[in-house]
Amino acid sequence: MGRLAIAWAAWILAISGAGAQEDAIPTSLTGAPGDAARGRAIVANRQVGLCLLCHNGPFPEERFQGDLAPDLTGVGARYTEGQLRLRIVDPARINPQTIMPAYGRTEGLNRVIGAFAGKPILNAEQIEDVVAYLTSLRAEKTP
Ligand code: HEC
């Protein structure tokens, strides 16, 4: 977590130095708000989102959850909607070394084969559903 915090601070310095706000995609990809319930299903799904391969979060029904990535509990309080959208669409824009897949990007991916070539992992509507769900995760863990 220390390394992440340092990377984050460096990023903030970089963007504030450039005077740009490039750590977010402020507007909906579909022009409409997503559906948080559908988003939760995508995040918990082992075939579509695969988020729980790396993340854990408020999913008491899911027995096996990842520990390679931050807990998603309370993530909606830590980031704005636009910041969450960018982190789903193209996390490498925040951390070029990230192991997290770019769910909404089709260009510049080097590990995409066959049926997935040229298609994002999640379409715009699914991304908005996931963003709506993550935005709703405002409560921190209860002790
Ligand atoms: C292969 C592992 C992996 C998968 C799969 C994955 N992530 Fe991540 N994710 C990470 C890592 C690692 C980070 C920490 C930042 C970084 O290294 O990029 C992260 C960071 C995040 C963040 C920022 C959280 C924070 O507290 O900083 C969010 C939000 C997020 N992921 C959501 C998702 C969602 C939603 C999915 C599924 C659609 C998903 N991730 C799938 C590895 C993964």
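**Helices and ligand shell in a predicted model**

Good morning. The cover over the buried residues of helix 4 includes helix 5. Helix 4 spans residues 81-89, and its buried residues are Leu 84, Arg 85, Leu 86, Arg 87 and Ile 88.

The average pLDDT of the protein is 84, and 77% of the residues score at least 70. One stretch calls for caution: over residues 11-20 the pLDDT stays under 50, and the model has six contacts for this stretch beyond four places in sequence. Where pLDDT is low, the predicted coordinates should not be read in detail.

I return now to helix 5, residues 124-136, and to its partner helix 2, residues 36-44. Their axes come within 7 Å and cross at roughly 100 degrees. An angle from 65 to 115 degrees counts as roughly perpendicular, so helix 2 is roughly perpendicular to helix 5. On the side of helix 2, the contact is made by Ala 36, Arg 38, Gly 39, Arg 40, Ile 42 and Val 43. Helix 5 contributes Gln 126, Asp 129, Val 130, Ala 132, Tyr 133 and Ser 136. By class, the residues of this contact are six nonpolar, three polar and three charged.

Finally, the ligand. Which residues come nearest to the ligand? Of the 24 residues around the ligand, they are Cys 51, Cys 54, Ala 69, Thr 98 and Met 100. Helix 3, residues 75-78, helix 4 and helix 5 each supply at least two residues of the shell. Helix 4 gives the most, with three residues. The shell has 18 nonpolar, four polar and two charged residues. Thank you.

Technical notes:
Residues are numbered from 1 along each chain as its sequence is written. This is a predicted model: local features need pLDDT of at least 70, side-chain atom pairs count only at pLDDT 80 or more; totals for chains, interfaces and linings use all residues. pLDDT is the predictor's confidence in each residue, from 0 to 100. Two residues are in contact if their C-beta atoms, placed from the backbone, lie within 7 Å. Axes are lines fitted to C-alpha atoms, for helices over the stretch in contact, and angles run from 0 to 180 degrees between N-to-C directions. Helices (H or I, at least four residues) and strands (E, at least two) are DSSP runs, numbered from the N terminus. Angles under 35 degrees count as roughly parallel, over 145 as roughly antiparallel, 65 to 115 as roughly perpendicular and the rest as oblique. Ala, Val, Leu, Ile, Met, Phe, Trp, Tyr, Cys and Pro count as nonpolar, Asp, Glu, Lys and Arg as charged, and the others, Gly among them, as polar. A residue is buried if 20 or more other C-beta atoms lie within 10 Å of its own, exposed if 12 or fewer, and partly exposed in between; C-beta atoms are placed from the backbone. A residue is near a molecule or strand if its C-beta atom, placed from the backbone, lies within 6 Å of it.
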